[in-house]
Amino acid sequence: KIKLSEKSQKITASVTLAIDAKAKQMMAEGIDVISFGVGEPDFNTPENINRAAIEALDKGITRYTAASGLPLYREVICKKLKDDNNLEYKPENIVVSNGAKHSLYNALLAICNPGDEVIIPVPYWVSYEELVKMADAIPVFVKCSEENEFKMKRNDLLAAITPNTKAILLNSPSNPTGSSYTKDELQMIADIAVEKGIIVIADEIYEKLVYDGAEHISIASLNEKIKDQTIVVNGMSKAYAMTGWRIGYTASNKEIAKIMGNIQSHATSHPNTIAMYASAKALMEDQSSVEEMRKAFDERRKYMVERINQIDGVSCITPKGAFYIMMNISKLKGKEIAGKLIEGSMDFAEICLDKSHVAVVPGMAFGVDDFVRLSYANSMENIRKGLDRIESLIKG
Ligand code: PLP
């Protein structure tokens, strides 16, 4: 038998995509499944962005361009970073990739040596762990409690740091918790990162989706030192409902950007030129569709939080960003639901899908077993229906 890559065989398939696939399969069979599993806006890409893509086709903007991304788009990204995040970058600091996921991969490949450790606050987005392993580095998990809004505390961060710590993967607002770090909390992390010489990979893909007056702050904007040590990751998927377009980008110091550009130039080249042109227009033109979507998410968020906390046996804290809620199911553990003993988040997710036809993501996928993640990127009607079903399932 031919031996395959040991490293690659250690990479597990994304649980979120697996649940989504099962839910979609059931839907295809005609079952009325409500999915709280999805990680993408339920809105269509705004019209003006679609039109920009057509314009690119009409103008013949369909060829190879610079490996690090369409020059026009990189210039527009610099303007966006200045206007939104008070960050000064030049196009040479920007690398555009096939989605923020690809940006994260490039970033980790650019900075990690075998044996380097990358700190990941728990609960974490499913892909972080695997991406770190794919870059030959070691994920080091820092547990964050629900009491602390799933945010990393100073002492816990300090305790996780070793001489091998290369980077901290910070996601604010967060998937799966919806938590958003305040300026003071970011300052605390920045001070430690600067003092210890640790790179911060700041995944800001949910920056536009913040609520209750929370303000998104980029850790890189706190001072020049932390800016030099930060790789800001952002993209079009969540804010502009452009998940299928596959456009993400990084802003970093020139050296890191150059290495990432070199890697990408051989692995994938630049992402789709038409999508980059449309993304440039998306950032340049009227932003009202972003705000409309944010408001819709906000309304659903409030409803979902209220409803969940009315159901006996489960609870949740109010998330300040993104479009996810971590529902605490710890009180259901050891109990039987619809004839099934609930020992953890996987059991709950399975029974939820099988008996109630509601898809949720088991917290196991994010490193916590007392929770399941519910996405509110779904219509109010579906959210209502889905929560009714969860309520009846738990009531029995
Ligand atoms: N980062 C986080 C925290 C995410 O939740 C996602 C998508 O689910 C991504 C990055 C990747 O987004 P994309 O590759 O579509 O830009």
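With 19 C-beta neighbours inside 10 Å, Glu149 counts as partly exposed, and this residue makes a handy way into the model, which is a predicted one. Glu149 sits in the loop between β4 (138-143) and α7 (154-160), and its phi is positive, about 55 degrees, although the residue is not a glycine.

**Backbone geometry to look at**

- Most residues other than glycine have a negative phi, and most peptide bonds are trans.
- Asp212 has a positive phi near 55 degrees and is likewise a residue other than glycine.
- You will find Asp212 in the loop between β6 (199-203) and α9 (224-228).
- Is Asp212 buried or exposed? Asp212 has 12 other C-beta atoms within 10 Å, and it is therefore exposed.
- The peptide bond joining Val122 and Pro123 is cis, with omega about 5 degrees.
- Pro123 belongs to the loop between β3 (117-122) and α6 (126-134).
- A cis peptide bond also leads from Asn175 to Pro176, and here omega is near 20 degrees.

**Around Pro176**

- Pro176 lies in the loop between β5 (165-171) and α8 (183-196).
- This proline counts as buried because it has 29 C-beta neighbours inside 10 Å, and the cut-off for buried is 20 or more.
- Which residues does Pro176 touch, not counting residues up to four places away in sequence? They are Pro123, Trp125, Tyr324, Met326, Phe366 and Arg373.
- Pro176 and Val361 are 185 residues apart along the chain, yet 9.6 Å separates their C-alpha atoms.

- Strand β9 (residues 324-328) is largely enclosed by the rest of the structure, because five of its five residues are buried.
- In a regular strand the side chains alternate between the two faces of the sheet.
- Strand β14 (residues 371-375) pairs with β9 in the antiparallel sense, over five bridges.
- Within this pairing, Leu374 of β14 stands opposite Ile325.

**Helices α12 and α14**

- Helix α12 (residues 288-310) and helix α14 (residues 380-395) have axes that come within 11 Å and cross at roughly 10 degrees.
- Angles under 35 degrees count as roughly parallel, and α12 and α14 are therefore roughly parallel to each other.
- Where do the two helices meet? Arg300, Tyr303, Met304 and Arg307 in α12 meet Met380, Ile383 and Leu387 in α14.
- By class, this contact of α12 with α14 has five nonpolar, two charged and no polar residues.

**The annotated domain**

- The unreviewed UniProt entry places the feature "domain: Aminotransferase class I/classII large" at residues 32-390.
- Residues 32-390 are 41% helix and 16% strand, and the end C-alpha atoms of the span lie 14 Å apart.

Notes
Residues numbered from 1 in each chain as written. Predicted model: local features only at pLDDT ≥ 70, side-chain atom pairs only at ≥ 80, totals over all residues. Axes fitted to C-alpha atoms, helices over the stretch in contact; angles between N-to-C directions. Helix = DSSP H or I, 4+ residues; strand = E, 2+ residues; numbered from the N terminus. Parallel < 35°, antiparallel > 145°, perpendicular 65-115°, else oblique. Contact = placed C-beta atoms within 7 Å. Nonpolar A, V, L, I, M, F, W, Y, C, P; charged D, E, K, R; others polar. UniProt positions renumbered as here; feature names shortened; annotations may be inferred. Pairing = 2+ DSSP bridges.
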